[in-house]
Amino acid sequence: MRRSEEARRWLSEAEWDHGTARMLHDSRRYNSCAFICQQAGEKAAKGLLYLIGESPFGQAVRELLSRYAEERHENLGELLPLASELDRHYVPARYPNAIPSGTPHENYDEVVSRRALDYAGKIIEYVRRRLL
């Protein structure tokens, strides 16, 4: 399979996850929405790495985007803080022992969920433009 085809497969899955996250947000499942947004950002970033022939190991969206930026000599300064925010939801959105008290579903709200949707969408759009 060509690199561009594999990259598109990963982008497709990122877009699918982003759609799933929207449904979770609409259902007020805010912590799950934030986690799935992290997954969408991760898959989109991995698509970029497949595009340039790199092995996309790891889960941190910021690290994956940074590897792409370094290889391509691109400035992703605007996307990296968004990626960092998404990475913050990888564990605490799912596990009660990752937060001081309560449960993830009690600690996430509409504002955080909406922001995660927006940030994941921006990363996906960036990747989509690179794959055209």
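Helices α1 and α6 are roughly antiparallel to each other, because angles over 145 degrees count as roughly antiparallel, under 35 as roughly parallel, 65 to 115 as roughly perpendicular and the rest as oblique. The axes of α1 (residues 3–26) and α6 (residues 110–131) cross at roughly 160° and come within 10 Å. Such axes are lines fitted to C-alpha atoms, for helices over the stretch in contact, with angles from 0 to 180 degrees between N-to-C directions. The helices themselves are DSSP runs numbered from the N terminus (H or I, at least four residues; strands are E, at least two).

Before going on, please note that this is a predicted model, in which local features need pLDDT of at least 70 and side-chain atom pairs count only at pLDDT 80 or more, while totals for chains, interfaces and linings use all residues. Residues are numbered from 1 along each chain as its sequence is written, and side-chain values use heavy atoms, leaving out hydrogens and water.

Back to the helix pair. α1 passes α6 in a left-handed crossing, meaning that the near helix is turned anticlockwise from the far one by less than a right angle (clockwise would be right-handed). On the α1 side, the residues in contact include Ala7, Leu11, Ala14 and His18; on the α6 side, Leu117, Ala120, Ile124 and Leu131 are among them. Contact here means heavy atoms within 4.5 Å. Sorted by class, the contact of α1 with α6 has nine nonpolar, four polar and six charged residues. In this scheme Ala, Val, Leu, Ile, Met, Phe, Trp, Tyr, Cys and Pro are nonpolar, Asp, Glu, Lys and Arg are charged, and the others, Gly among them, are polar.

Helix α6 also meets α4 (residues 80–87), with axes that come within 9 Å and cross at roughly 130°. That angle makes α4 oblique to α6. The crossing of α4 past α6 is left-handed. Leu82, Ala83, Glu85 and Leu86 of α4 make this contact with Arg115, Ala116, Tyr119, Ala120, Lys122 and Ile123 of α6. Its residues divide into seven nonpolar, no polar and three charged.

Now look at alanine 7, which sits in helix α1. Alanine 7 counts as buried, at 0% relative accessibility; buried means under 20% relative accessible area, exposed over 50%, and partly exposed in between (1.4 Å probe, protein chains only). Apart from neighbours within four places in sequence, alanine 7 is in contact with Gly47, Tyr50, Leu51 and Leu131. Leucine 86 lies 79 residues away from alanine 7 in sequence and 21 Å away in space, C-alpha to C-alpha.

Two loop residues are worth a visit. Most residues other than glycine have a negative phi. Arginine 28, in the loop between α1 and α2 (30–51), has a positive phi near 65° and is exposed, with a relative accessible area of 62%. Histidine 73, in the loop between α3 (61–72) and α4, has a positive phi of about 55° and is exposed at 72%.

Finally, step back to the whole chain. The protein chain has six helices and zero strands. Of its 132 residues, 45% count as buried. The C-alpha trace spans about 45 × 25 × 25 Å along its principal axes. Among contacts with a separation of 6 or more, 58% are between residues 24 or more positions apart.
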